[in-house]
Amino acid sequence: MLMPPSRWTIEVDAFDPEVLSELIAGSYFKQRLLRGGAFHARLERLSLGICHLDRGQYSLPCYGEGAIPEGWLNIGLSDGNVEPPWLNGLLLHGSDIQVYAEGAPVDCRCAPHTAWYALQVRRNDLQMASLAVNGRELALPTSGLQNLHLPKGQAVFFRAVLQEGLQMGLTLNGSTDGRVTSRIAQRLIIAAAGALSAATGCNDGRTERAVRCRLQVLRAAEDFVQRRLGDAVTMQDMAAAAATSARSLEYLFGDAYGVSPHTWLLLARLHRVRQELLSSADSVSVRRAALKWGLPHGGRFAARYRELFGEFPRETAARRS
């Protein structure tokens, strides 16, 4: 028996990584702002028992790190934008569609004012829909991420079906009519099977190896910084830890995060200070938190903090109290 459907929308006007952590149903994403300014986020979710559909949009670029929930395939799609999103080493375009295997790790940089969609389905349900619609099963990944390219018209159609599903969900909260819920869910799954059947990919082993290598370099640099966040760290230190050159690291950070390694280091420290001010079990002074994470306390630190988060650090500390 299908569970009653649910549909909700969250809108926030202040960056709070915990509120925004469950980007897709059943997941946990660690998120960081990459640029200051007026922040606004809108997240929508439609849960239909046999599938879940999420849509999100931020006003500022954010970096998220998490994983697809076990037991669910995830199909992703974004709107086109001047500033393309970045995902697991790839810059995405408006006609790209992604298939994530169950439990696949996800590193993503969302583009501002660019909506993304995430449809979670069971592997067997998607294959059954493909057999019914296409007469064959789909070549789905068993691990990791597969990025494919859709004909422009097919991408527009699939995006419209996803948006239509969210709109129809507005009338279903608390409904006990499983037939209506099932029809909406089947329409979403059938549309996904049709889109994936029309999608094409490039099986270029050299490209895949290059992407994996770039991700390994980025993660090595980030892991090094996270371990040494309170210490004096230079870009040369980061490059040496990642076994690459400073120039290569500059290019990689520009692609993945949209900022330089130096700026990323500052952002990481500011986020760690905010985390400590918000979540420490004991009362922590702003000065102590700033010095602990390598940021000299003073007016310049407070101004940078406010530029990123829209409030002074003392306001964050007072809000926690």
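Residues are numbered from 1 along each chain as its sequence is written, and side-chain values use heavy atoms, with hydrogens and water left out. Because the model is predicted, local features need pLDDT of at least 70 and side-chain atom pairs count only at pLDDT 80 or more, while totals for chains, interfaces and linings use all residues.

**Stop 1: the nonpolar cores**

Select Phe 39, Tyr 58 and Tyr 257. These are the residues with the most contacts inside the largest nonpolar core, which has 63 residues. A nonpolar core here is a set of buried Ala, Val, Leu, Ile, Met, Phe, Trp, Tyr and Cys residues joined through side-chain atoms within 4.5 Å. Buried means under 20% relative accessible area, exposed over 50%, and partly exposed in between, with a 1.4 Å probe and protein chains only. Now colour helix H7 (residues 261–279), which gives the most to this core, with eight residues. Helices (H or I, at least four residues) and strands (E, at least two) are DSSP runs, numbered from the N terminus.

Then show what surrounds Tyr 58. Apart from neighbours within four places in sequence, the contacts of Tyr 58 include Leu 20, Phe 39, His 40, Cys 110 and His 113. Contact means heavy atoms within 4.5 Å.

A second, separate core has 34 residues, among them Ala 129, Leu 150, Leu 172 and Ala 195. In soluble globular proteins, nonpolar side chains tend to be buried together.

**Stop 2: Phe 158**

Select Phe 158 in helix H2 (residues 152–169). Is Phe 158 buried or exposed? Phe 158 has a relative accessible area of 1%, so it counts as buried. Beyond four places in sequence, Phe 158 is in contact with Ile 75, Leu 77, Ile 97, Leu 188, Ala 191, Ala 192 and Ala 195.

**Stop 3: salt bridges**

The whole structure has 16 salt bridges. The criterion is a side-chain nitrogen of Lys or Arg within 4 Å of a carboxyl oxygen of Asp or Glu.

Begin with Glu 102 and Arg 123, whose side chains meet in a salt bridge at 2.8 Å, N to O. Glu 102 lies in the loop between strand E9 (96–100) and strand E10 (105–110) and Arg 123 in helix H1 (residues 123–134), so the pair ties together parts that are 21 residues apart in sequence. Glu 102 is partly exposed at 23% relative accessibility, and Arg 123 is partly exposed at 21%.

Next, select Asp 107 and Arg 219, a salt bridge of 2.5 Å, N to O. This pair links distant parts of the chain, with Asp 107 in strand E10 and Arg 219 in helix H4 (residues 205–227), 112 residues apart. Asp 107 is buried at 4% relative accessibility, whereas Arg 219 is partly exposed at 33%.

Go on to Glu 311 and Arg 274, which meet at 3.1 Å, N to O. Glu 311 is in the loop between helix H9 (299–309) and helix H10 (313–320), and Arg 274 is in helix H7, 37 residues apart. Both Glu 311 and Arg 274 are buried.

Finally, select Arg 7, Glu 11, Arg 42, Glu 44 and Arg 55 together to see a network of salt bridges.

**Stop 4: Asp 96**

Asp 96 is in strand E9.

The side chain of Asp 96 makes a polar contact of 3.5 Å with the side chain of Asn 147 and another of 2.8 Å with that of His 149. A polar contact is a pair of N or O atoms within 3.5 Å; within protein, one must be able to donate a hydrogen and the other to accept it, and residues adjacent in sequence count only if both atoms are side-chain atoms.

**Stop 5: aromatic rings**

Select Tyr 63, Phe 253, Tyr 257 and Trp 264, which form one aromatic cluster. Rings of Phe, Tyr and Trp (its six-membered ring) pair if their centres lie within 6.5 Å; planes under 30 degrees apart count as stacked, over 60 as edge-to-face and the rest as tilted. The count comes to eight aromatic pairs. Phe 253 and Trp 264 are an edge-to-face pair, 5.8 Å centre to centre with 80° between the planes. Phe 253 lies in helix H6 (residues 246–257) and Trp 264 in helix H7, so the pair ties together parts that are 11 residues apart in sequence. Phe 253 is buried at 0% relative accessibility, and Trp 264 is buried at 3%.
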